[in-house]
Amino acid sequence: MIRNLALCASLALSVATSFAQVPVPAPSAPSAPPAAAAPPASMAPATPKAWESLSPEQQRVLQGYQGQWNTLPAERQQALAKGSQRWISMTPQQRAGAQQRFSQWRAMPPEQRQLLRQRWQEFKSLPPERQREVRDSFNRFRQMPPERRQQLRQQWRQMTPEQRHRAAQGMHPAPPPHRIPH
């Protein structure tokens, strides 16, 4: 049961993963499809990208940015171009899901968005193996019947912060102590 409750702890990190990957729509075209918002953190300095260098599909997706494209920072241009390419490659179901997540994101209070950004950064700072464990745990949680998920959420809310911490630690216990031979 503690292990299942710890699944809920990983839920917050995984939700952050989901929201952090949500594309952002063009500001001057609210009905335009979303495009990625944040540039990759560890890339070399970006070079400006001419509007004409975008494919016709990318131009359609980013049409709300056409008038201001040349004034955007190069990093933003690259992020938008990459996001538009990602959008183009999505299936209709994936696009619908991305739009739904973006709507949920926009409806959140700024404090909640900031908390999710922080949790996303925490998740990204985890070793790859731990990230995989968190994703696997979240996927197991999502596959549970809705009643069971709701029951676990309720139990999680009733726990003290210390109990939550212990439950989360139980999901990924510390390695055994190193023994020194005599």
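## Trp120 and Phe123

Tryptophan 120 and phenylalanine 123 are both buried (under 20% relative accessible area; over 50% is exposed and in between is partly exposed, with a 1.4 Å probe and protein chains only). This is a predicted model, where local features need pLDDT of at least 70, side-chain atom pairs count only at pLDDT 80 or more, and totals for chains, interfaces and linings use all residues. Residues are numbered from 1 along each chain as its sequence is written, and side-chain values use heavy atoms, leaving out hydrogens and water.

The two residues sit three apart in helix H5 (residues 110-125), so about one helical turn separates them. Helices here are DSSP runs of H or I with at least four residues, strands are runs of E with at least two, and both are numbered from the N terminus.

## Two aromatic pairs

Rings of Phe, Tyr and Trp (its six-membered ring) pair if their centres lie within 6.5 Å; planes under 30 degrees apart are stacked, over 60 edge-to-face, and the rest tilted. That rule gives two aromatic pairs. Tryptophan 51 and tryptophan 69 make an edge-to-face one, at 5.5 Å centre to centre with 70° between the planes. Tryptophan 51 is in the loop between strand S2 (34-35) and helix H2 (56-61), and tryptophan 69 in the loop between H2 and helix H3 (74-89), so the pair ties together parts 18 residues apart in sequence. Both tryptophan 51 and tryptophan 69 are buried.
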